[in-house]
Amino acid sequence: MVFKWFNKNNNEHLPEFWRRYLSYFKNANKLPPIDNTRFVVFDTETTGFDIDRDRILSIGAVTVEHKTIAVNNSFEVYLDQEIFKPETVKIHGILKRGELDKISELEAIEAFLDYIKGDTLIAHHAWFDYSMINSLLKRHGLGKLKNEFIDTAKLFKKSKHIIYHENLKNYSLDELASELNVQVIDRHTATGDALMTAVIFLKILSRLKSKNENLGWDYLLKT
Amino acid sequence: MKNSIADRVSYFLNRYPPFNLIKEESLTKIASQVQIMYLEKGDSVFDKGSNYHNHFYVVRDGSIYLYHSNETDKNIVGISDKGDIFGLRALITKENYKLTATANEESIVYAIPIETFESVTNRNVKIHRYLMTAFASNTHDPYTAEENGQIFIDYLPNRSDDIANLQTANYTRTPIYCYADQTLKKAAKKMAKHKIGCIIIVDYNKHPMGIITNSDIKNKIGTGLYPISTSVTNIMSTPIITDKDGITVANAQLKMIQHNINHICITEDGSPNSKTTGILTHHDILVTLGNSPAVILKGIRRAKRSKDLRGFRLKANTLLKNYLEQNIPLTHINHVISSINDAVTRRAIELAIKKMATPPPVKFSWICIGSQGRKEQLLFTDQDNGLIFEDVPEDKYLSTQSYFLKLAKYITKTLHVIGFEYCQADMMASNPEWCKSISQWNALFSDWIVNPNEKSILLSSIYFDYSHIYGDKTLVDSLTENIYNTLGDTSRFYSILAKDAMKNPPPLGFFKQFIVEHNGEQKNLFNIKYRALMPLIDAARVLALSKKIKNVNNTYERFEKLAEMEPNNKELFLSCAYSFKALLKFKTKQGILHSNSGKFIELSSLTKEEQLKLKRCFKPIQEIQESLKLRFNLSSSIL
């Protein structure tokens, strides 16, 4: 079966991996119970904050399943980019001609889509990472990400006691880590930040569950 | 391919034995196969009797309880902290788990596949020796003892009736000593400075020569036998009895009885001809064995680390359990446990102050609020607290506040380690909202009273039950003064507070059925806190405020005081006090039984008699709410 909004011709010239990715959403069933869900927590390191002009240098992700993260099932790629901003090196530490094995954007996105499948994505200030990936997809003539996503920054705000809502700020990953007592080690590697975000997500989830025994998808996704 | 997470895991493991004995590339190999598990409090890693996993575990953050359980009892065998390994024995003996491992708090645990670990450490003798010793030193666990009986027959006592006796004794590892050529005056000064009752006399190789105790000074100096300028060698008791690290409580006790002494000096090889490494006192033994409140309190006052404090607080839980089993009156239990809670908090504050670079810039008071403020906190619950500091000039305000915030952060962290979880609503002194100068507090409280709204009523129902724990009590007194001055005589505030006190109706439905929760995980459970205790707590608070009762925070004491002040309502108030005590006891027992807060009660698990008893306690709730309605004129109120 083919999605209505793709006519056949269009679909055939699309790369194999994109069609494979779309197939995960064909039988978009109801979401499984939260505890049995596979979450993919990811982060990107970029040359800057301009969605159109800046480029992704690295994508890192980990999988959370049954409150467990398998180290050997983490995702970590570094991308070869023509755009390079020396002033951002001090943040992410990725050199233009460093010793890291780098791959092309297309190879990276293929690997990434195969990794995330149709599962729910989680990121800190997720909108930015989500848009960076979408902008990359667009450059290569592909559609947008179709996964559901949860922003830990927004989720955290919701988890705070009502009396503090009025003076809540926009929490950075570091602030959130210190608030939730998550240890910070070498920040600004994409996978490392993804792992930190994953632990933060689990902690927020546990706090939400202790307050609201009926915690459901509506609540998590409506951010 | 690069795996940054494996690097992080390996970096952590490398700090703890036996992983620090493993070569870097091998450790990375292990790390890359690790599973990172997140556990909520109460989640179990494995259960007694279940098949062994393919992994053993290392605690990354938090702590894991290992216990042996049967139908009636939960016998805690050990607590694994950061860097500790657990769950390995079953893998080596290829047997089912003999213990249950459960998260004692929110924890992160690394699961390490035994296969990878073995393939990497295959021929490493040191690692194997470490693991063997780790097993052997677990002898306080009778189940381990049984199991390893063949391998470690030399070390092991044959009988393991009394678990505590087999424990290795804890002792002071940084003993205070004094050289043999010094004067008694100098030694006595040292003892005074360190607040200790005895001091070891050593030669220049630090080999022990004798010991001076308070009674030596009393008997030999106080009586005028020697002047205080005399050499310590004239006063010290000899010979000194020595032993080495690892002495069991039973052996130490025996030795003390044999030699009629109260102190054993610990040396490197156990003989007097080696270096002094510690001192074991009779008190240390009592602490290990003892469960008397006095011993626990004394231990708390002397504790040097938060881990020790946790140990004492856990002992208090055992005490609590025994008390409840022996049916000791709740007033007494409550008194003992709240003294222990307060002492633990006080000691945590003292330890935190020591960590600060400078002493507190101005006077301050640490207050506990909510249930600890009312001194009704029997089981571990969340910490709720605040900090009041003296007024300072405006230009000093921020720097003073930031000093106290830092201090409060240390304190709340220590309390967390001890077992008082962080307050979910962040009502803690580490939050700038609750760490202010006395004027700011007064302004805040006045505002709540003068402009009551939903939020301020909620907050005042928590904050007005404060009690002073540490520091300058006059600050707290002036806070109380201000509240009563602002309240005046006819405050709208009372009506709103009284109305709020009635938000939870009496817990019995029309047909005298229990009102239970209707949805969620707690479906069909009875919430004893919200439906039975809170109405009484809230009623007592508003009545106490309106009667200007000061310094009585405890709910049943408030009712007792009210009974005294209003003889014509005596019966009602006393029945409320009685109900409250009975309900609190009930909740605590349930909490111990299920090792949670005891808030939710499964009615079907109660006997008919217990159900009736509970129902009897509810009657005063209805009556006190009726009385509030009349007293504060609520039926005609437009609120």
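**Entry 1. Polar contacts between the chains**

I counted the polar contacts between chain B and chain A and got 15 residue pairs, both residues at pLDDT 80 or more. A polar contact here is a pair of N or O atoms within 3.5 Å; within protein, one must be able to donate a hydrogen and the other to accept it, and residues adjacent in sequence count only if both atoms are side-chain atoms. I then looked up which elements give two or more residues to the side of chain B that touches chain A, and found α1 (4-13), β1 (35-39) and α19 (454-463) of chain B. Helices (H or I, at least four residues) and strands (E, at least two) are DSSP runs, numbered from the N terminus. The largest share of that side, 5 residues, comes from α1(B). By class, I noted 16 nonpolar, 10 polar and 11 charged residues on the side of chain B that touches chain A. Ala, Val, Leu, Ile, Met, Phe, Trp, Tyr, Cys and Pro count as nonpolar, Asp, Glu, Lys and Arg as charged, and the others, Gly among them, as polar.

**Entry 2. Conventions**

I am working on a predicted model, in which local features need pLDDT of at least 70, side-chain atom pairs count only at pLDDT 80 or more, and totals for chains, interfaces and linings use all residues. Residues are numbered from 1 along each chain as its sequence is written, chains are lettered from A and ligands numbered from 1 in the order in which they are written, and side-chain values use heavy atoms, with hydrogens and water left out.

**Entry 3. Contacts and area of the interface**

I found 37 residues of chain B in contact (heavy atoms within 4.5 Å) with 37 residues of chain A. The area buried between the two chains is about 3,300 Å², and carbon and sulfur atoms give 51% of this. Buried area is the accessible area (1.4 Å probe) that two parts lose on being put together, summed over both. I5(B), R8(B) and Y38(B) supply 23% of the area that chain B buries against chain A, more than any other three residues.

**Entry 4. Strand β1(B)**

I looked at what β1(B) pairs with. Strand β3 (residues 68-70) of chain A pairs with β1(B) in the antiparallel sense over 3 bridges; two strands pair if DSSP finds at least two bridges between them. T68(A) stands opposite M37(B), and A70(A) has Q35(B) as its bridge partner. Within chain B, β1(B) also pairs with strand β8 (residues 107-113), antiparallel, over 5 bridges. There L39(B) has S107(B) as its bridge partner. I noted β1(B) as mostly covered, with 4 of its 5 residues buried. Buried means under 20% relative accessible area, exposed over 50%, partly exposed in between (1.4 Å probe, protein chains only).

**Entry 5. Salt bridges across the interface**

The rule asks for a side-chain nitrogen of Lys or Arg within 4 Å of a carboxyl oxygen of Asp or Glu. K67(A) forms one with D43(B), with the closest N and O atoms 2.5 Å apart. K67(A) lies in the loop between β2 (56-65) and β3 of chain A and D43(B) in the loop between β1 and β2 (44-46) of chain B, so the pair joins two chains. K67(A) is partly exposed, at 23% relative accessible area. I also recorded E106(B) with K203(A), where the closest N and O atoms are 3.6 Å apart.

**Entry 6. Salt bridges within chain B**

D61(B) and R60(B) meet in a salt bridge at 3.5 Å, N to O. D61(B) is partly exposed at 23%, whereas R60(B) is buried at 6%. I then looked up E564(B) and K561(B), which meet at 3.8 Å, N to O. They lie in helix α23 (residues 555-565) of chain B, 3 residues apart, about one turn of the helix. E564(B) is exposed at 60% and K561(B) partly exposed at 32%. I also noted one network of salt bridges that share partners, joining R374(B), E376(B), D465(B), D500(B), K503(B), D538(B), R541(B) and R558(B).

**Entry 7. Two further look-ups**

In strand β18 (residues 467-471) of chain B, 4 of the 5 residues are buried, so the strand is largely enclosed by the rest of the structure. Strand β15 (residues 364-368) of chain B pairs with β18(B) in the antiparallel sense over 4 bridges, and W366(B) has Y470(B) as its bridge partner.

I placed S159(A) in helix α6 (residues 152-159) of chain A. S159(A) is buried, with a relative accessible area of 7%. Leaving aside neighbours within four places in sequence, S159(A) is in contact with I204(A), L208(A) and K211(A).
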